[in-house]
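Please read it beside the sequence and the 3D view.

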Amino acid sequence: MPDNRGLRELREKLQSDWFLHWRSGKVYGIPKVPQQEQTFGKPVELKTEEHLQLLAARIDSVLPKIFAQYSAFRFKPFTFLSQKEELVSSIATKIKDLPSLISSFKIKPKFALEAKLVELRHEETFIGLFLRLETRWEILASLSDLQNAGVNLQDLYVVRRQPQPGQRRLVGKISHIYEKTVNLLESFDGITSINEDEVWLEGSKASFVRCLKTLLGDKYDAFESERLIQEANFLTGPALDNILTRMETFLAKKSPMQLAPNLLGYIRGRIEAVNDDSYQTVISASPVEYCFDAARTKRSLYPWKGIEKYGPFSREIFSKKSPEILVLFPDTVQGAVENFLKAFRDGISIKKKVFQDGIEYWEENSKYSGGFAKIFGLVNPKLTLRQIPWLNSKQKPPAVAYREAVAQVLEKTMPDAAIVILLDEHARLPDPENPYLQSKALLLMAGIPVQGIRASTLGQSRYSLQYTLQNLSVALYAKMNGLPWTVDHDLTISDELVIGIGTCELSGSRFHERQRFVGITTVFRGDGNYLLGNLSQECSYSEYPNILKTSTVSILQDIKRRNGWQPGDTVRLVFHAARPFKNLDVADIVAQCVAEVGEEQNIEFAFLTVSHEHPFTLLDKSQQGISLKDGVKKGQLAPQRGIIVQLGRYTRLLCTNSPVLVKTARSPLPTPLLIHLHPQSTYRDLTYLSEQVLKFTSLSWRSLLPASKPVTIYYSELIAELLARLRNIRDWSPALLNIKLRASKWFL
């Protein structure tokens with residue numbers, strides 16, 4: 001069988017007697033029962049070590065039988081829901097007088113088991129069974145009951161209560177409900193309406209939030225706090241460790257598994273990734289050092305300490321030494337705005353009492369004492385304040401008032417950046433009515449990057465404000481094409497580029513025929529120096545491969561000219577993608593682009609997919625966590641940042657979090673990044689590439705803390721999120737983003 005398109009029909013025909021698996025043009029059949037009523041193929045004897053992929057698939061197929069008392073929620077991977085634990089009912093025992101409709105909302109632990117091939121040591125491959133634990137959210141109330149309770153259901157999604165085999169569960173997006181009929185704005189298969197009794201509201205977090213905010217009112221925050229407590233009982237390190245132990249005990253009792261007539265499978269216990277004298281499976285990468293000069297002599301382990309001591313990386317070459325920054329704000333918060341801007345420009349003084357040699361005195365302890373100008377080496381930056389006359393213009397929608405104010409300013413001046421301050425209630429308005437998005441769209445089309453701030457931020461305590469100002473100043477400097485810092489990078493070749501490839505689904509539609517795409521490319525030097533961002537032209541799914549190729553070739557040619565690649569130079573191109581497109585080998589397209597552009601150069605090429613979407617969990621049994629003031633610990637069993645574990649010949653797990661970076665004692669155990677190197681790559685040093693991914697998590701200028709993923713992917717996601725929202729703004733055009741703002745980090 002050359003492809004697997006006829007496999008489903010064959011499986012349905014032989015399902016009672018045979019397990020079937022397609023691989024590399026062949027269909028393998030393993031008898032399910034001793035005596036088969038139907039024949040299949042011809043007998044052949046296989047060596048188990050040469051067909052582990054077949055056996056992994058066979059293990060997946062017998063899991064429903066092992067967990068026969070559970071109803072499978074999904075078969076690939078095998079997924080089932082907890083029968084005993086349900087979080088909303090537990091929450092209801094803690095919060096009194098909740099409405100009865102709450103009993104129709106369910107949050108259950110969801111278990112997914114999947115057999116995977118593992119190669120912790122070179123050419124020592126075995127099969128592991130991996131558990132992923134999440135939560136499943138369901139809303140089982142009738143749509144009419146929700147609507148009668150005041151919930152606005154428009155634009156939420158409905159799913160079938162009992163989908164038939166081969167039928168999609170997702171039906172469509174709600175327009176309105178009338179007399180038990182759900183009318184749809186959009187759907188699969190052109191369905192315009194469906195009977196209410198056939199569907200539930202989709203149990204997404206968006207649906208939960210909208211429903212529960214209406215139903216619970218001022219009790220919603222208490223509900224959310226208790227939900228986090230309940231989820232921590234399943235998702236923290238110690239909780240997962242306990243669940244894994246219980247699962248291991250259960251599976252051991254079910255061993256051996258009958259995989260074939262003469263083949264049994266046994267559960268051996270937990271997989272331990274350990275080193276010995278002959279092989280390193282686990283590597284601990286060196287801490288990332290932040291660099292603040294081109295020679296890499298000015299370094300620090302902490303970004304803000306480095307900026308305070310040395311100034312930003314681009315201090316000497318930054319072209320906007322005296323920038324003009326427009327500040328838009330409602331006149332109702334003028335006093336708070338002026339105090340905030342004074343602290344931003346001049347710094348904050350925070351004293352602490354110290355004793356030395358029996359003498360008491362006060363010592364400066366501010367983490368933002370210098371102010372924006374001094375810290376970033378600027379000369380008399382100009383803050384241009386523009387009030388939004390909110391007290392006298394309440395008849396105008398806030399989006400209109402802000403947009404008019406921006407237009408009036410742009411008639412007279414063209415600032416280098418803008419700060420838009422919003423009342424908190426305005427920040428929560430829908431996108432088309434949101435004054436921040438309206439202002440941002442107009443300013444971006446004029447080539448001006450924008451930073452948004454909520455009014456509640458202005459009134460923070462001085463202690464909290466100093467950290468807010470650190471993040472604000474770094475992001476604003478980066479948006480004006482500044483480079484706050486790079487990372488340690490020893491370059492042994494002519495040039496190295498790290499390129500992120502992402503996409504934005506502009507329509508926001510989940511229905512394939514409605515989708516439109518824009519390709520997003522971010523380009524960095526190997527040291528993290530941001531070179532440019534590029535948006536492809538809008539296209540359909542079928543057009544995307546050609547658009548991607550054209551866009552990538554254009555970018556590589558641009559970089560080739562800009563960086564002056566010479567004949568014979570060795571150039572390394574490292575591509576990062578969050579996930580491959582379905583039925584589309586992006587790596588193959590990229591390889592064609594590299595070959596087309598680099599005919600005169602010796603180009604080393606690596607294509608990595610970097611994702612948190614995988615079934616693997618890492619626990620460090622020696623990690624006791626960080627003690628907090630209330631006596632509890634956070635980050636228990638969380639591996640240290642920089643731990644790299646070999647999972648396969650082309651695969652690594654990378655820990656980008658750590659017990660210190662875990663926020664609270666109730667935070668879930670951090671998920672490591674799964675890094676997979678495409679076999680077509682010509683540069684294959686996965687240790688180097690994994691350490692590079694780690695360094696690129698430290699290059700986010702949105703915050704002083706490392707991101708959980710490399711900025712090649714993180715920035716693409718930020719761009720995609722903003723593009724999708726800005727599309728809702730009238731007259732918005734992204735054309736200038738590829739011209740005036742190509743080198744700006746406008747999306748931070």
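Cys291 has Thr486 of strand S23 as its bridge partner. Two bridges join strand S15 (residues 290-291) to S23 in the antiparallel sense. Strands pair when DSSP finds at least two bridges between them. Strands are DSSP runs of E with at least two residues, helices are runs of H or I with at least four, and both are numbered from the N terminus.

The model is predicted: local features need pLDDT of at least 70, side-chain atom pairs count only at pLDDT 80 or more, and totals for chains, interfaces and linings use all residues. Residues are numbered from 1 along each chain as its sequence is written, and side-chain values use heavy atoms, with hydrogens and water left out.

**Sheets**

S15 and S23 belong to an open sheet of three strands, ordered S16-S15-S23, with antiparallel pairing. Its edge strands are S16 (299-300) and S23 (486-487), and each pairs on one side only.

A second open sheet has nine strands in the order S14-S31-S32-S33-S28-S27-S24-S25-S26. Its pairing is mixed. Strands S14 (282-284) and S26 (530-535) each have a single partner strand, so one side of each is left without a neighbour in the sheet. On average, neighbouring strands of this sheet are turned by 25° against each other, direction ignored. Angles here are taken between axes, which are lines fitted to C-alpha atoms, for helices over the stretch in contact; they run from 0 to 180 degrees between N-to-C directions.

Within this sheet, S27 (residues 570-577) and S28 (residues 602-611) run parallel and share eight bridges. Val571 is partnered by Ile603 in S28. Helix H17 (residues 586-597) lies across S24 (495-505), S27 and S28, at about 160° to S28. Helix H19 (residues 711-726) lies across S24, S25 (517-525), S26, S27 and S28, at about 145° to S25.

A hairpin is formed by S1 and S2, with two residues between the strands. S1 (residues 18-23) and S2 (residues 26-31) are antiparallel over six bridges. Trp22 stands opposite Val27 in S2. Ser24 takes a positive phi near 50°.

**Helix packing**

| Helix pair | Angle | Axis distance |
|---|---|---|
| H6 (residues 220-235) and H7 | about 50° | 5 Å |
| H13 (residues 435-445) and H19 | about 105° | 10 Å |

H6 and H7 are therefore oblique to each other. H13 and H19 are therefore roughly perpendicular. Angles under 35 degrees count as roughly parallel, over 145 as roughly antiparallel, 65 to 115 as roughly perpendicular and the rest as oblique.

Contact means heavy atoms within 4.5 Å. Ala232, Asn233, Phe234 and Leu235 in H6 meet Gly237, Ala239, Leu240 and Ile243 in H7. In H13, Leu437, Lys440, Ala441 and Leu444 meet Leu722, Arg725 and Leu726 in H19.

**The second largest pocket**

The second largest pocket has a volume of about 1,600 Å³. A pocket is an open set of points on a 1 Å grid over the protein atoms alone, where a 1.4 Å probe fits, with protein on both sides within 12 Å along at least five of seven lines; lining residues have an atom within 4 Å of a point. Volume is the space filled by probe spheres set on the points, which are joined across faces, edges and corners.

Of its 47 lining residues, the closest to the centre are Phe130, Gly269, Arg270, Ile271 and Glu272. S6 gives the most to the lining, with seven residues.
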